[in-house]
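Let's take a friendly look at a protein model together. Have the sequence and the 3D view ready as you read.

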Amino acid sequence: MLKDHMFEFYFDQMNELVFLAEVKNQHLYYKKMNKAAAKLVRCQGEAGMRLESVLPEWAYHSLYPYYMKAMETKKPVTYHDINTFSDEAEAFETTLTPIFDDTDNSTHLLVMSKNIQKLKKELAQSMEQYKSLFMNHENAICMMELSGKIVQANPACEQMFGCDTQDIINSSYMQLLEEPKIDAFV
């Protein structure tokens, strides 16, 4: 089992929320939590308390089946939920990993939750930056599928190829690169 100093060494520097839960007689107990989890829970004294006394009743009843599934299947279980300890209603992804004793019984769960709302926000900002760079770049930029079909083109493509961006999309890059056909009667 994870000793206090080992738990602190491995998990206290992480931004993710880490709890060690013990299962006894179908009840779940928080045994340890890292600094990030303790800060969010706003209490150091939660260790050793039953999960149903720490969580709001609705949260406990929605999360308990995931904990039991991880214990019964002896495999990690991941779920998404809303942070029950904060008024900010942030979205979290939680993974429950069973920990086994010497006789291959799972008696504890390592609970790791990461804030995916922050990740979603960072991804949205990154996408906006990419879109701005793509749309405002002075050079022609096309995105295409492996087959060569163009799926996106920036406005600079219109100037380079002399046609509307909508005409470029869904065409083949080979069509755009063909030399112009010269009419023999000109």
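## How to read the model

This is a predicted model, in which local features need pLDDT of at least 70, side-chain atom pairs count only at pLDDT 80 or more, and totals for chains, interfaces and linings use all residues. Residues are numbered from 1 along each chain as its sequence is written, and side-chain values use heavy atoms, leaving out hydrogens and water.

## Confidence

The predictor's confidence in each residue is called pLDDT and runs from 0 to 100. Its mean over the chain is 82, with 86% of residues at 70 or more. Where pLDDT is low, the predicted coordinates should not be read in detail.

## Salt bridges

A salt bridge here is a side-chain nitrogen of Lys or Arg within 4 Å of a carboxyl oxygen of Asp or Glu. By this rule the model has four salt bridges.

Glu93 pairs with Lys114, their closest N and O atoms being 3.6 Å apart. Glu93 lies in strand 4 (residues 91–100) and Lys114 in strand 5 (residues 106–115), so this pair ties together parts 21 residues apart in sequence; strands are DSSP runs (E, at least two residues), numbered from the N terminus. Salt bridges with shared partners also join Glu22, Lys24 and Lys31 into one network.

Between Glu22 and Lys24, the closest N and O atoms are 3.9 Å apart. Glu22 is buried (under 20% relative accessible area; exposed is over 50%, partly exposed in between, with a 1.4 Å probe and protein chains only) at 13%, whereas Lys24 is partly exposed at 41%.

How values were computed:
Helices (H or I, at least four residues) and strands (E, at least two) are DSSP runs, numbered from the N terminus.
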